[in-house]
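User: I would like to learn how to read helices and sheets in a model. Can we work through one together?

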Amino acid sequence: MFSIVCVYNDGEILRKYLKKSLNFQTVPYELILVDNTENEFASAAKALNHGASKATGEYLMFIHQDVDLKSETWIEDTLKKLKLMPDLGIAGVAGKSEDRKGIISNVKQGSPPKLAGINQITESTRVQTLDECLLIIPKIVYQELKFDEDTCTGWHLYGVDYCLSVKKKGLSGLRSTHRTIPFITGPIFLQ
């Protein structure tokens, strides 16, 4: 089961995109919303760690408020793919590779929707780092390595830092540079 952690600062955007797409999912999930409309949290790392401390699922999905999963079976399909990767360290839907120029992703954004990256994929793909729009971390990995609140004091690059920290710590399931950080290839849409 997924524990879905979302830090939000705009309830309307949250309802219009993420919550709407979650309402139709075909499998159970746990939704942990971290309200930052009053700027209680100074950084994404602090807010996400706060939300993750409440998680009970096998996988933690950290997701932005403006994501629409675009499929009623997105969570179910993703869980099936993750089960085939027992040594998973971290997964996501957009990232950068040392081998390719540009963003690797099937994410669409804007109105009308346009691809966010120049490199579309059809299967799990090797990358060095992942974008923060959607990250999936097995709970067992997260328990060993939380988001770094000292290094990541703002709202950007916490996913990049996490990917590089997983590699540096040599956690089982590291999938970076010499190994793989897989993408979940199902379509999503970002506002």
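User: What does helix H5 reach from its first C-alpha to its last, and what is expected at 1.5 Å a residue?

Analyst: First, a caution: this is a predicted model. Helix H5, residues 158–169, has 12 residues and reaches 16 Å, close to the 16 Å expected. Just after H5, Gly-170 takes a positive phi of about 65°.

User: Which residues of H5 are buried, and what do they pack against?

Analyst: Buried here means under 20% relative accessible area. In H5 that holds for Tyr-158, Gly-159, Asp-161, Tyr-162, Cys-163, Ser-165 and Val-166. Their packing partners are H2, strand S10 (129–130), S11 and helix H4 (139–144).

User: Where do the buried residues of H3 fall, seen down its axis?

Analyst: Start with the list. Trp-74, Ile-75, Thr-78, Leu-79 and Leu-82 are buried in H3, residues 74–83. They fall within an arc of 125°, so they line one face of the helix. Their cover includes S1, helix H1 (11–22), S2, S3, S5 and strand S11 (134–138).

User: Now the sheet. What is the order of its strands?

Analyst: Strands of a sheet pair through backbone hydrogen bonds, either parallel or antiparallel. In this model, five strands form an open sheet, ordered S2-S1-S3-S11-S5, with mixed pairing. Strands S2 (29–35) and S5 (91–92) stand at the edges with a single partner strand each, so one side of each lacks a neighbour in the sheet.

User: How many bridges join S1 to S3?

Analyst: Four bridges join S1 (residues 2–8) to S3 (residues 59–63), and the two run parallel. Val-5 has Phe-62 in S3 as its bridge partner.

User: Which helix lies across S1, S2 and S3?

Analyst: Helix H2, residues 44–52, running at about 145° to S1.

Methods:
Residues are numbered from 1 along each chain as its sequence is written. This is a predicted model: local features need pLDDT of at least 70, side-chain atom pairs count only at pLDDT 80 or more; totals for chains, interfaces and linings use all residues. Side-chain values use heavy atoms; hydrogens and water are left out. Two strands pair if DSSP finds at least two bridges between them. Contact means heavy atoms within 4.5 Å. Axes are lines fitted to C-alpha atoms, for helices over the stretch in contact, and angles run from 0 to 180 degrees between N-to-C directions. Buried means under 20% relative accessible area, exposed over 50%, partly exposed in between (1.4 Å probe, protein chains only). The arc is that of the directions from the helix axis to the C-beta atoms. The expected span of a helix is 1.5 Å times one less than its number of residues.
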